[in-house]
Amino acid sequence: MENTNSKAEKARWEYLTAQLFERAGKDSASIKWYEKSIQHSSDPIMEVYARLKIVGLSSENKPNALEENLNQLLLLAKKDKYTGYRDIIYYAAA
């Protein structure tokens, strides 16, 4: 990850790493990488999908995972820089 040129590229590689761990059945590692992707992402679509993946992976182990990520999505929708993506965010929240 140190060879990436930007935060967006780093977030994308972290998202891809999470997907690989998910395919390998390593849910806890996958969740960790999705969370890293969210931290570095400036792409709201990637952030929304990463949050949805976290909800799906952690719903069995963490009873309030859905509520936590739903709240994060709704906070995201309130930010001005995501105004153009509110329809996607609210759709994902629904």
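Student: Leaving aside its neighbours within four places in sequence, which residues is Arg-51 in contact with?
Tutor: Keep in mind that this is a predicted model. With those neighbours left out, Arg-51 touches Ile-38, Asn-69, Gln-72 and Leu-73.

Student: And where is Arg-51 found?
Tutor: Arg-51 is part of helix H3, which covers residues 44–58.

Student: Is Arg-51 buried or exposed, and why?
Tutor: Buried, because its relative accessibility is 10% and the cut-off for buried is under 20%.

Student: Which side chain does Arg-51 meet in a salt bridge?
Tutor: That would be Glu-47, at 3.4 Å from N to O.

Student: How many salt bridges does the count come to?
Tutor: The count comes to 2. Besides the one with Arg-51, there is a salt bridge between the side chains of Glu-22 and Lys-53, with 3.5 Å from N to O.

Student: Which helices do Glu-22 and Lys-53 lie in?
Tutor: Glu-22 is in helix H1 and Lys-53 in helix H3, so this pair ties together parts that are 31 residues apart in sequence.

Student: Are Glu-22 and Lys-53 buried or partly exposed?
Tutor: Glu-22 is partly exposed, with a relative accessible area of 24%. Lys-53 is partly exposed as well, at 30% relative accessibility.

Student: New topic: how many aromatic pairs does the structure hold?
Tutor: It holds 1. Tyr-15 and Tyr-34 form that pair in an edge-to-face arrangement, 5.2 Å from centre to centre and with 70° between the planes. It links distant parts of the chain, with Tyr-15 in helix H1 (residues 7–23) and Tyr-34 in helix H2 (residues 27–40), 19 residues apart.

Student: Buried or exposed, those two?
Tutor: Tyr-15 is buried, with a relative accessible area of 8%, and Tyr-34 is buried at 0% relative accessibility.

Student: What lies over the face of Trp-33?
Tutor: Lys-36 does, at 4.3 Å from the ring centre.

Student: Last one, about the surface: which residues make the nonpolar patch?
Tutor: Ile-45, Tyr-49, Leu-52 and Tyr-85 make it, and its area is about 340 Å². One of these residues, Tyr-49, is placed in helix H3 and counts as partly exposed, because its relative accessibility is 45%.

Key. Residues are numbered from 1 along each chain as its sequence is written. This is a predicted model: local features need pLDDT of at least 70, side-chain atom pairs count only at pLDDT 80 or more; totals for chains, interfaces and linings use all residues. Side-chain values use heavy atoms; hydrogens and water are left out. Helices (H or I, at least four residues) and strands (E, at least two) are DSSP runs, numbered from the N terminus. Buried means under 20% relative accessible area, exposed over 50%, partly exposed in between (1.4 Å probe, protein chains only). Contact means heavy atoms within 4.5 Å. Patches are made of residues with over 30% relative accessible area and no salt bridge: like charges are joined within 9 Å, nonpolar side chains (Val, Leu, Ile, Met, Phe, Trp, Tyr) within 5 Å. Accessible areas come from the Shrake-Rupley method with a 1.4 Å probe; for residues, only the protein chains shown count as cover. A salt bridge is a side-chain nitrogen of Lys or Arg within 4 Å of a carboxyl oxygen of Asp or Glu. Rings of Phe, Tyr and Trp (its six-membered ring) pair if their centres lie within 6.5 Å; planes under 30 degrees apart count as stacked, over 60 as edge-to-face and the rest as tilted. A charge sits over a ring if NZ of Lys or CZ of Arg is within 6 Å of the ring centre and within 35 degrees of the ring normal.
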